[in-house]
Amino acid sequence: MPRVKEPAIVQVDAEVLDQIIEDAKRSLSEEQGKILGQLVEGYIHLTKAIQNKTLTLRELRALFANHTSEKAKDILPSEDASGGDDSEDSDRNKGKGKGKNDKPKGHGRNGAKSYPGAETVSIPHESLHPGDPCPQCTKGTVYEKMPVVVLRIQGQAPLGATIYECQRFRCGLCNTTFKADLPEKAGGEKYDPSSAAMIGLLCYGTGVPFNRLQGLQGNLGVPLPASTQWDIVAKSADAIVPAFDHLVHLAANGNVVHTDDTSAHVVALMNKPPEDDEGIAKDRTGIFTSGIVAKNGDHKVALFYTGRKHAGENLQHVLAHRVEEEPPILMSDALSRNVPKEFEAILANCMAHARRNFVKQIANFPQECRYVIEILAEVYHVDALARREGLSPEDRLALHKKKSAPRLDELKSWIDDQLDNTDIEPNSDFGKAIKYMDNHWEKLTLFLRKAGAPIDNNICERALKKAIRHRRNSFFFKTKNGARVGNIFQSLIHTAELANANALDYLTQLLAHADLVAD
């Protein structure tokens with residue numbers, strides 16, 4: 001049998017690879033081009049994970065098996081298979097089947113109130129008014145009831161255009177010309193503030209690359225080159241910087257701050273040592289997007305930073321604007337790089353990270369992992385109950401002390417027993433999961449002692465999905481300034497979303513009143 005030649009490892013610059021893909025897409029259908037892009041992106045992700053030794057063989061199998069859910073109902077064996085389950089979690093779910101008859105009428109449909117951005121048109125009756133005689137019986141009088149609501153949805157281009165043809169006259173004797181004036185709404189520049197807001201929202205809020213939007217707009221008869229899109233958002237970013245700077249001030253004075261990192265690609269920084277003014281080690285090669293979500297009561301602020309700095313270093317820059325004397329609660333995973341070194345903070349660690357270590361071992365230690373996951377399910381149920389009832393931080397703390405603390409004390413005793421158990425290999429993945437929870441127990445359970453302390457870092461991980469979506473669709477930022485522009489838009493967009501506000505309207509108003517924003 002002939003020997004199979006091993007494939008060579010080829011180093012390709014990200015910009016060159018992107019050009020190769022774009023060239024290949026020209027000879028493929030849209031669907032085939034999309035598949036090709038996804039395959040290349042998956043290969044790059046897999047290669048980096050293997051080279052960085054962040055992917056175990058078990059995780060590799062799980063990746064290709066496409067099991068992404070970590071919900072207890074999806075990962076735990078069924079109750080019948082395990083001989084029954086007496087936990088409070090199972091008691092809560094008794095009688096809550098998901099049959100089609102259990103769904104309320106109209107389930108899954110959006111009513112008219114779900115469309116706050118829709119235009120409302122009031123249509124009066126063609127002949128009747130309140131107090132008119134009844135056309136049917138002629139004896140009674142009609143009175144007004146709630147209107148019948150009919151919803152109609154139309155398709156439209158993301159960016160539309162209007163051509164104004166202004167009538168013009170010329171005097172045949174003196175050659176003076178007379179032109180019709182533009183209507184007030186047509187004043188201003190060629191690109192309305194709403195156009196910059198829409199481009200920024202599509203690219204940095206939903207991950208639509210400039211080239212993809214260029215193709216869509218061209219097909220819809222309103223061409224918008226990718227280079228023009230960049231010019232528009234780059235100019236707009238400078239106008240909304242004051243709003244971003246104010247978000248930094250608000251985040252710095254938050255009571256609770258969440259932070260985490262994800263990898264990023266900036267072509268200008270790749271294969272180049274850090275610059276002297278960055279204040280970091282010369283041998284650092286990684287590029288990251290740091291997500292920071294700060295909460296002050298019910299108000300939330302999201303910030304994004306892309307570059308060589310870790311989350312803790314970016315958070316240190318934010319906290320330099322803090323005027324509150326009391327240190328904030330800092331929620332992150334247990335990595336030391338997420339903690340600012342020059343500012344005091346009350347540290348909390350993410351319980352979801354600790355739980356995930358046991359989820360990965362469910363196939364090897366089903367009974368032990370089930371015990372941990374079910375106790376944590378009860379704790380999360382208590383937290384959800386406090387959130388659903390709108391409890392104050394102090395009342396939430398009292399509820400957790402009453403219901404969660406006893407169960408977590410049982411879990412801590414069980415962990416101590418497992419560490420003393422000589423049958424558990426300390427360096428195995430299961431042993432590491434137990435040691436991780438034991439080593440960080442005080443920070444993982446801060447919500448049992450400190451009012452307002454969160455139970456996990458999920459809100460920050462959800463925020464980072466915005467940066468991850470942009471990375472997966474656009475592959476990279478070209479320059480540091482491009483990353484800065486993207487981070488400004490991402491921060492403002494996600495902050496608006498956290499406030500349940502219309503991000504497009506928010507950006508449009510900021511750009512339309514840039515002078516007031518600056519003042």
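**Entry 1**

I started at Val16, which is found in helix α1 (helices being DSSP runs of H or I, at least four residues, numbered from the N terminus). This is a predicted model, so I note the rules: local features need pLDDT of at least 70, side-chain atom pairs count only at pLDDT 80 or more, and totals for chains, interfaces and linings use all residues. Residues are numbered from 1 along each chain as its sequence is written, and side-chain values use heavy atoms, with hydrogens and water left out.

Val16 has a relative accessible area of 44%, so I put it down as partly exposed (buried is under 20%, exposed over 50%, partly exposed in between; 1.4 Å probe, protein chains only). Together with Val12 and Ile20, Val16 makes a nonpolar surface patch of about 240 Å². For such a patch, residues need over 30% relative accessible area and no salt bridge, and nonpolar side chains (Val, Leu, Ile, Met, Phe, Trp, Tyr) are joined within 5 Å.

**Entry 2: the second largest pocket**

I looked up the volume next: about 1,600 Å³. Of the 43 lining residues, Glu22, Pro209, Phe210, Asn211 and Arg212 are the closest to the centre. My note on terms: on a 1 Å grid over the protein atoms alone, a pocket is an open set of points where a 1.4 Å probe fits, with protein on both sides within 12 Å along at least five of seven lines, and lining residues have an atom within 4 Å of a point.

Which helix gives the largest share of the lining? That is α8, with eight residues. Helices supplying at least two residues each include α1 (14–25), α7 (193–206) and α16 (458–474). By type I get 16 nonpolar, 15 polar and 12 charged.

**Entry 3: salt bridges**

The structure holds 14 of them (a side-chain nitrogen of Lys or Arg within 4 Å of a carboxyl oxygen of Asp or Glu). Arg407 pairs with Glu378, closest N and O atoms 2.9 Å apart. This one links distant parts of the chain, from helix α13 (residues 393–420) to helix α12 (residues 366–388), 29 residues apart. Glu378 is buried, at 5% relative accessibility. I also see Glu378, Arg407 and Glu410 linked in a network.

Arg387 and Asp383 bridge at 3.4 Å; both lie in α12, four residues apart, about one turn of the helix. Buried or exposed, in the case of Arg387? Arg387 is exposed at 60%, whereas Asp383 is buried at 8%.

Arg449 is partly exposed at 40%, and Glu442 is exposed at 52%.

Terms used. Grid points are joined across faces, edges and corners, and a volume is the space filled by probe spheres set on the points. Ala, Val, Leu, Ile, Met, Phe, Trp, Tyr, Cys and Pro count as nonpolar, Asp, Glu, Lys and Arg as charged, and the others, Gly among them, as polar. Patches are made of residues with over 30% relative accessible area and no salt bridge: like charges are joined within 9 Å, nonpolar side chains (Val, Leu, Ile, Met, Phe, Trp, Tyr) within 5 Å. Accessible areas come from the Shrake-Rupley method with a 1.4 Å probe; for residues, only the protein chains shown count as cover.
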